Amino acid sequence: MVSLVVLCCGIVMIYKSFFLCADYLNNLTSRLYASSLIDEKIGDITESFAEWPVKDLNFGDNFVILDINHKPTRFNYNIKLEPLPDVNSVWQLNVKLSWQDGPRAMHTERSAYMIR
């Protein structure tokens with residue numbers, strides 16, 4: 001009887017650790033996609049900034065929906081572009097990306113500087 005209880009406790013612990021690892025893997029996958037999306041968005045805005053004011057500045061879409069682990073995940077952009085107050089012709093670009101990972105609200109952000 002005691003060995004059966006010990007065996008059941010071991011199986012429960014292995015079961016819990018499996019789902020914890022699966023959750024970490026899902027979180028890591030979402031963060032990798034988010035990092036790639038931010039890099040791509042900064043590159044697109046930098047190209048658009050080079051042609052501005054001749055062409056309108058294009059920030060692109062405010063969100064993107066990706067299928068991560070067979071589940072749709074919506075990534076929302078928050079983009080701010082403003083000149084630095086103390087330095088002439090240098091602009092700061094802040095891109096924040098947020099998404100919902102199960103019950104947790106996740107986000108990541110990056111900054112870039114551009115010269116005009």
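This is a predicted model: local features need pLDDT of at least 70, side-chain atom pairs count only at pLDDT 80 or more; totals for chains, interfaces and linings use all residues.
Strand S1 includes Asp-67. At a relative accessibility of 52%, Asp-67 counts as exposed, because the class of exposed residues begins over 50%. The C-alpha atoms of Asp-67 and Ser-30 are separated by 10 Å, although the two residues are 37 residues apart along the chain.

The loop between S1 and S2 contains Asn-69 and also His-70. Asn-69 is not a glycine, yet its phi is positive, near 55 degrees. A positive phi, of about 65 degrees, is likewise found for His-70, which is not a glycine.

Helix H1 spans residues 2-51, and Pro-53 is placed in the loop between H1 and S1. The peptide bond that leads from Trp-52 to Pro-53 is cis, with omega near 10 degrees. Glu-47 is part of helix H1 and counts as exposed at 57% relative accessibility. Between the C-alpha atoms of Glu-47 and Leu-57, which are ten residues apart along the chain, the separation is 9.4 Å.

Charged side chains were considered next. Side chains of opposite charge can pair when their charged atoms come close. The count for this model comes to four salt bridges. One of them joins Arg-110 to Asp-39, with the closest N and O atoms 2.4 Å apart. Arg-110 lies in strand S4 and Asp-39 in helix H1, so this pair ties together parts that are 71 residues apart in sequence. Both partners are partly exposed: Arg-110 has a relative accessibility of 30%, and Asp-39 has a relative accessible area of 45%.

A salt bridge is also formed by the side chains of Lys-55 and Glu-51, with an N to O distance of 3.7 Å. Lys-55 is partly exposed at 49% relative accessibility, and Glu-51 is partly exposed at 42%.

A further salt bridge, at 3.2 Å from N to O, brings together the side chains of Arg-104 and Asp-101. The two partners fall into separate classes of accessibility: Arg-104 is partly exposed at 31%, while Asp-101 is buried at 4%. Arg-104 and Asp-101 are linked with Asp-23 in a network of salt bridges.

The cysteines were examined for disulfides. A disulfide is a covalent bond between the sulfur atoms of two cysteines. The count of disulfides in this model is zero. For Cys-8, the closest cysteine sulfur is that of Cys-9, at 7.1 Å, which is too far for a bond. The reasoning rests on a cut-off, since the two sulfur atoms of a disulfide must lie within 2.5 Å. Cys-21 is likewise in no disulfide; the nearest cysteine sulfur, that of Cys-9, is 19 Å away. Cys-8 is partly exposed, at 40% relative accessibility.

The patch covers about 470 Å² and is made by Met-1, Leu-4, Leu-7 and Ile-11. Of these residues, Ile-11 is found in helix H1.

How values were computed. Residues are numbered from 1 along each chain as its sequence is written. Side-chain values use heavy atoms; hydrogens and water are left out. Patches are made of residues with over 30% relative accessible area and no salt bridge: like charges are joined within 9 Å, nonpolar side chains (Val, Leu, Ile, Met, Phe, Trp, Tyr) within 5 Å. Accessible areas come from the Shrake-Rupley method with a 1.4 Å probe; for residues, only the protein chains shown count as cover. Helices (H or I, at least four residues) and strands (E, at least two) are DSSP runs, numbered from the N terminus. Buried means under 20% relative accessible area, exposed over 50%, partly exposed in between (1.4 Å probe, protein chains only).
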